[in-house]
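Reader: I have a structure open and would like to learn how to read its features. Where do we begin?

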Amino acid sequence: MGTIQAIQYLRALAALAVVAFHAAEKTGHHFVIGAAGVDVFFVISGFIMWVISARRPVTPVKFLADRARRILPIYWFATAIMVAGGLVGLFPNLVVTAEHVVASLLFVPARSPSTGEIWPVLVQGWTLNYEMFFYAVFAASLVLPRFWRLPAVAGFFLVLVVAGLSVTSENPLLLTYTRPLVLEFVAGMIIGAFWLEGRVPPLGAGLGLVACSFGGFALIAGLSLPFDERLTGPLSVALVVGALSLEAHGRVPTVRILKLLGNASYSIYLWHTFAISVVAKAGTLLDLHSKLSMVMATVTGTLVGIVGYLLLERPLLQRDRTPPPAPGLAGGTAE
């Protein structure tokens with residue numbers, strides 16, 4: 001089975017939404033709904049991990065090694081740049097401590113000494129804490145017979161969410177991994193199971209799901225409703241299911257720029273904030289209109305991510321003749 005174009009395009013769309021969200025935030029505008037790109041990424045991760053584990057049986061150790069090889073080098077490099085910049089004063093609001101840096105590199109949720117929020121040194125890396133936790137749980141499930149893997153992962157995450165609703169704690173680990181966000185990975189796995197069985201909605205239903213998803217996101221943004229994964233999660237699930245329906249019915253054309261953006265989505269996600277900060281600062285110094293600064297920051301952040309993909313990420317992938325499939329937050333093909 002070749003590349004699933006719909007997944008590639010959703011990955012591209014999710015990355016662009018996150019870039020626009022951060023660009024708006026830095027230039028005094030509001031595009032909070034762009035953060036829902038993370039929800040889409042998580043659903044895609046669950047989908048891809050389920051599908052590749054069925055197509056390419058793998059041991060837990062090999063699975064985790066593939067994930068580490070795919071994610072760690074670039075993330076650690078970006079984190080090192082943040083740490084170096086903080087130490088020499090390029091990021092005056094960044095407080096660097098050894099404990100926080102180690103926690104960030106090892107994907108352990110910890111409170112930032114800069115803000116008190118549960119963020120790593122590279123703030124957007126908070127989503128990778130979830131990704132790596134999901135990979136660890138998924139790897140553990142690979143020791144089970146295939147029939148029991150999905151129920152086991154789903155049951156474990158459901159217990160965590162219920163515990164989070166029942167127990168009050170300020171522990172960063174508990175606050176992170178008991179959020180309903182973790183159920184988005186499970187939803188993706190369920191979608192993957194249906195996809196492998198050829199069970200997708202009819203074309204009309206798929207179009208309806210995509211329309212309802214975008215309409216729901218627009219409604220949240222237009223009415224300034226609370227941004228909550230209990231809303232954005234189901235909308236993201238509907239979007240992925242609808243897009244896969246279009247794929248299954250041959251209604252997803254090949255668009256080279258979207259394919260490139262999908263491949264580069266992990267690099268875009270990691271590197272865009274560096275460019276956005278520079279452009280936003282330049283816009284202020286040059287007294288540019290804030291909307292123009294936002295557009296420029298969005299475009300520049302995306303371009304810097306693409307360059308990072310072409311110069312760093314892709315060469316690393318090409319060292320192996322058969323690179324490991326990508327997670328939701330990483331570039332590559334969904335097979």
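**Rings, charges and helices**

Author: This is a predicted model.

Reader: Is phenylalanine 107 buried or exposed?

Author: Buried means under 20% relative accessible area. Phenylalanine 107 has 9%, so it is buried.

Reader: How many aromatic pairs does the whole structure hold?

Author: A search of the whole structure finds 20 aromatic pairs. One of them joins the rings of tyrosine 75 and phenylalanine 107, with centres 5.2 Å apart.

Reader: Why does the pair of tyrosine 75 and phenylalanine 107 count as stacked?

Author: Planes under 30 degrees apart count as stacked. The planes of tyrosine 75 and phenylalanine 107 are at 25°, so this pair is stacked.

Reader: Which parts of the chain does that pair link?

Author: Distant ones: tyrosine 75 belongs to helix α3 (residues 60–87), and phenylalanine 107 to the loop between α4 (98–105) and α5 (126–141). The two residues are 32 residues apart.

Reader: What are the values for the pair of phenylalanine 133 and tyrosine 177?

Author: The distance is 4.0 Å centre to centre, with 15° between the planes, and the pair is stacked. This pair also links distant parts of the chain, with phenylalanine 133 in helix α5 and tyrosine 177 in helix α7 (residues 172–177), 44 residues apart. Tyrosine 177 counts as buried because its relative accessibility is 9%.

Reader: Which residues do ring pairs link into a cluster?

Author: Phe133 and Tyr177 are among them, and the cluster also includes Phe63, Trp126, Tyr135 and Phe185.

Reader: Which rings does the charged end of arginine 67 sit over?

Author: Arginine 67 lies over the face of phenylalanine 63, at 5.0 Å from the ring centre. Its charged end also sits over the ring of tyrosine 135, 5.7 Å from the centre of that ring.

Reader: What does the UniProt annotation "transmembrane region" cover?

Author: The entry is unreviewed, and its annotation covers several spans, including residues 118–140 and 203–225. In the model, residues 118–140 are 65% helix and 0% strand, with end C-alpha atoms 26 Å apart. Residues 203–225 are 87% helix and 0% strand, and their end C-alpha atoms lie 30 Å apart.

Reader: How are two packed helices described?

Author: By the angle between their axes and the distance between the axes. Here helix α1 (residues 5–26) packs with helix α10 (residues 229–248) at about 140°, the axes being 8 Å apart. The helices α1 and α10 are therefore oblique to each other, and their crossing is right-handed.

Note on methods. Residues numbered from 1 in each chain as written. Predicted model: local features only at pLDDT ≥ 70, side-chain atom pairs only at ≥ 80, totals over all residues. Heavy atoms only, no water. Phe/Tyr/Trp six-rings, centres within 6.5 Å; stacked < 30°, edge-to-face > 60°. Helix = DSSP H or I, 4+ residues; strand = E, 2+ residues; numbered from the N terminus. Buried < 20%, exposed > 50% of the residue type's maximum accessible area, 1.4 Å probe, protein only. Lys NZ or Arg CZ within 6 Å of the ring centre and 35° of its normal. UniProt positions renumbered as here; feature names shortened; annotations may be inferred. Axes fitted to C-alpha atoms, helices over the stretch in contact; angles between N-to-C directions. Parallel < 35°, antiparallel > 145°, perpendicular 65-115°, else oblique. Left-handed = near helix turned anticlockwise from the far one by under 90°.
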